[in-house]
Amino acid sequence: MAQNTSSAVMQQRSEPNDSLDDFPTPPWATRALLKHVIMPMTGPVSDQSCWEPACNRGHMARPLGEFFREVVASDVHDYGTGHVILDFLFPGDVRKVDWIITNPPFRLAQQFIDRSSQIARHGFAMIVRSAFLEGVGRFNGLFSVNPPSIIAQFTERVVMVKGRLEPKGSTATAYCWLVWIDGETDTRFQWIPPCRKRLERPEDYQTEAA
Ligand SMILES: C[S@@+](CC[C@H](N)C(=O)[O-])C[C@H]1O[C@@H](n2cnc3c(N)ncnc32)[C@H](O)[C@@H]1O
């Protein structure tokens with residue numbers, strides 16, 4: 001059978017099992033979470049703390065800092081950006097925070113969700129491939145016992161490329177935000193309206209670490 005080499009299909013996110021899943025999130029997708037999903041539900045978060053526990057090169061932690069009073073950024077790997085080096089899944093005493101927000105490594109997403117449930121006071125949010133919503137195992141082990149409060153599906157594609165931000169380009173992978181808010185156990189679905197143009201800034205792509 002001929003291989004499909006269209007650029008969209010070639011950019012599907014597929015990684016070996018031991019990969020760190022080095023796929024930074026374009027900052028506009030984080031601003032979309034706050035402006036279209038979290039703040040309409042909870043109000044401003046400017047008096048609250050947030051932890052980005054898989055911060056990579058800081059492309060999600062930076063826009064989170066535009067909204068939260070305090071943002072702690074950590075990652076298991078040192079990307080040279082000065083963040084705390086910490087395995088989020090390693091049991092240990094950690095300070096509670098109001099929110100945990102991240103793009104978890106895909107193969108560890110469920111563990112990141114379980115761990116976040118134990119640490120976040122008000123809520124936590126994970127950007128995941130929309131395909132993460134499928135699967136009997138995931139339904140039995142996660143969604144039926146700890147359903148998200150909100151599933152927020154992007155209407156625009158969020159382009160994630162290995163190891164860097166890509167201002168242009170396309171992708172065949174659809175993404176959504178899953179948000180758990182304390183006390184909100186009925187899952188609500190929403191679309192994130194087109195917003196990339198409004199939420200994207202040229203400087204978002206000028207901050208790559210060496
Ligand atoms: C998809 S990237 C997310 C990057 C960043 N959150 C963003 O959105 O730009 C996944 C990140 O998870 C980190 N990671 C993998 N396993 C981890 C663990 N056990 N604890 C903390 N970070 C981990 C990787 O080093 C990688 O930076």
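**View 1. D21, a buried residue in a loop.** At 11% relative accessibility, D21 counts as buried, a word used for residues under 20% relative accessible area, with exposed meaning over 50% and partly exposed in between, using a 1.4 Å probe and protein chains only. Look for D21 in the loop between α1 (7-10) and α2 (27-42). Helices here are DSSP runs of H or I with at least four residues, strands are runs of E with at least two, and both are numbered from the N terminus. The phi of D21 is near 65°, a positive value in a residue other than glycine. This is a predicted model, in which local features need pLDDT of at least 70 and side-chain atom pairs count only at pLDDT 80 or more, while totals for chains, interfaces and linings use all residues. Residues are numbered from 1 along each chain as its sequence is written, and side-chain values use heavy atoms, with hydrogens and water left out.

**View 2. N56, another positive phi.** N56 is not a glycine, yet its phi is positive, at about 55°. You can find N56 in the loop between β1 and α3 (61-64). With a relative accessible area of 8%, N56 is buried.

**View 3. C50 and its contacts.** C50 sits in strand β1 (residues 49-52) and counts as buried at 0% relative accessibility. Which residues does C50 touch, leaving aside its neighbours within four places in sequence? They are L64, F68, E70, V71, V72, W99 and I101, where contact means heavy atoms within 4.5 Å. For C50 and L64, 14 residues apart along the chain, the C-alpha atoms are separated by 7.8 Å.

**View 4. Helices α4 and α5.** The axes of α4 (residues 109-119) and α5 (residues 136-143) come within 11 Å and cross at roughly 10°. Each axis is a line fitted to C-alpha atoms, for helices over the stretch in contact, and angles run from 0 to 180 degrees between N-to-C directions. The two helices, α4 and α5, are therefore roughly parallel to each other; angles under 35 degrees count as roughly parallel, over 145 as roughly antiparallel, 65 to 115 as roughly perpendicular and the rest as oblique. Q110, I113 and D114 of α4 make the contact with R138, G141 and L142 of α5.

**View 5. The largest pocket.** About 380 Å³ of space lies in this pocket. Of its 28 lining residues, L20, A54, D75, P105 and F112 are the closest to the centre of the largest pocket. On a 1 Å grid over the protein atoms alone, a pocket is an open set of points with protein on both sides within 12 Å along at least five of seven lines, and lining residues have an atom within 4 Å of a point. Grid points are joined across faces, edges and corners, and the volume is the space filled by probe spheres set on the points.

**View 6. The second largest pocket.** The second largest pocket holds about 230 Å³ of space. Its lining has 18 residues, with F124, N146, W180, I181 and D182 nearest the centre. Two or more lining residues come from each of α4, β5 (120-129) and β7 (175-181). Which element gives the largest share of this lining? That is β5, with five residues.

**View 7. The whole chain.** Buried residues make up 48% of its 210 residues.

How values were computed
On a 1 Å grid over the protein atoms alone, a cavity is a set of points where a 1.4 Å probe fits but cannot get out, and a pocket is an open set with protein on both sides within 12 Å along at least five of seven lines; lining residues have an atom within 4 Å of a point.
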